[in-house]
Amino acid sequence: MSSPSDFGASDSGASGFESEPMLGVADWTELPTDERRCLRWMLRTGEVTTLQTSEELGMDEDASRVVLEALVARKLAVFIDEKIVYVGNVGRRTARFKPGGMWDALADKLIDD
Amino acid sequence: MTTVISIHSFRGGTGKSNTTANVAARLAAEGNRVAVIDTDIQSPGVHVIFGFEDTPEPTLNDYLWGRSSIAEAAHEITDRVSMDMTVADGGKLWLIPSSIKPGDIARVLREGYDVGTLNDGFRTASKDLNLDYLLIDTHPGLNEETLLSFTISDVLLLLLRPDRQDFQGTAVTVDVARRLDVPNLFLVLNKIPSNVDVDDLREQMTAAYGAETAGFLPLAEEVVENASGGLFSLTSPDHPWSKEIGKIVARIQAN
């Protein structure tokens, strides 16, 4: 699997995405199947438990915890306590590349009008 | 459980918003609770097809900036359907528009927003409005938001024209959609010239993409003249274009 640093690391913001060591949406295509299935379900469901995850993925609770921990390690999910897993950090669309301050000036004018 | 449908195309001008609005209206007319969310924040437009000159407020932008809830940004517009077609019992339509104000668009481009908040909005709107269908009108091309909408969608309608650029771009999009395990992927071919053999085209599409084509929308002067000025499939239900919209709706509901 590709390293997070391979994606959008230092393009001066021209792509519109922040440079930080986390997996973006574009990286989800490279996730192992179980993790991708789990992530997809969590995005639709919100907060989930390991028991719910095991039922959704059709595996025992220990195996589902391994999948969840992998997503946590990739910063795609966060454990709130022993039982609840919460999807976090889907990503932020940053500002577009601003050539020579022109866009700043234009945006200022449009926002103020 | 809400069926989430993303309407997407690799390139612009394929007719996404027109298709989204007409499919949503027909689903609502059949008695479903339907919402359309315009995630094309940089170039919003689906509100025009529903008859709005300005976007009703609050908008999706207000929600993303924490100025409103997603429910407050969801405007019930069932009357836009019932003025032209009988709506079956229980049918409702909401629009969650993106702002057309230049300042709001400039702010999004300048400051960005949390894509996770957008996803939370999808989920909350589905639950709060008790939706049967959530239709996501997307920005063309592959970007953070469109990939997110692919990932959470039950159905992906991929629009393309019979055009080499569209064919190539669609191949890329189909590949990405399959990697993201989109459960149901349908192609919709739009703006088909009258001299094209649709049966032959259907075979070519299936062979090229390994995906079903849910609709073959003809290039119709009447649709062009309508110029996004209303819900064509409701005002002209017997037109061949409208009948194809009906086929797309039927295919979605068959899932």
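Patches are made of residues with over 30% relative accessible area and no salt bridge, with like charges joined within 9 Å and nonpolar side chains (Val, Leu, Ile, Met, Phe, Trp, Tyr) joined within 5 Å. A salt bridge is a side-chain nitrogen of Lys or Arg within 4 Å of a carboxyl oxygen of Asp or Glu. Accessible areas come from the Shrake-Rupley method with a 1.4 Å probe, and for residues only the protein chains shown count as cover.

The model is predicted: local features need pLDDT of at least 70, side-chain atom pairs count only at pLDDT 80 or more, and totals for chains, interfaces and linings use all residues. Residues are numbered from 1 along each chain as its sequence is written, chains are lettered from A and ligands numbered from 1 in the order in which they are written, and side-chain values use heavy atoms, with hydrogens and water left out.

Select F10(B), L142(B) and V172(B): together they make a nonpolar surface patch of about 210 Å². L142(B) sits in the loop between β6 (133-137) and α7 of chain B; helices (H or I, at least four residues) and strands (E, at least two) are DSSP runs, numbered from the N terminus. L142(B) counts as partly exposed because its relative accessibility is 34%; buried means under 20% relative accessible area, exposed over 50%, and partly exposed in between (1.4 Å probe, protein chains only).

Next, select helix α7(B), residues 144-152, where 9 of 9 residues are buried. Among them are L147(B), L148(B) and F150(B). At the start of α7(B), a side-chain oxygen of N143(B) comes to within 3.1 Å of the backbone nitrogen of E145(B).

Move to strand β1(B), residues 3-8. Because 5 of its 6 residues are buried, β1(B) is largely enclosed by the rest of the structure. Two strands pair if DSSP finds at least two bridges between them. β1(B) pairs with β6(B) in the parallel sense over 5 bridges, and S6(B) stands opposite I136(B) there. β1(B) also pairs in the parallel sense with β7(B), residues 155-160, over 4 bridges; here I5(B) has V155(B) as its bridge partner.

The last stops concern backbone geometry. Most residues other than glycine have a negative phi, and most peptide bonds are trans. Select E57(B) and P58(B), which are joined by a cis peptide bond with omega about 0 degrees. P58(B) is in the loop between α2 (46-49) and α3 (60-64) of chain B. Then select K191(B), a non-glycine residue with a positive phi of about 60 degrees, in strand β8 (residues 184-192) of chain B. Finish at S228(B), also not a glycine, with a positive phi of about 60 degrees; S228(B) lies in the loop between α10 (221-226) and α11 (232-235) of chain B.

Definitions and conventions:
Polar contact = N/O pair within 3.5 Å; in protein donor to acceptor, adjacent residues only side chain to side chain.
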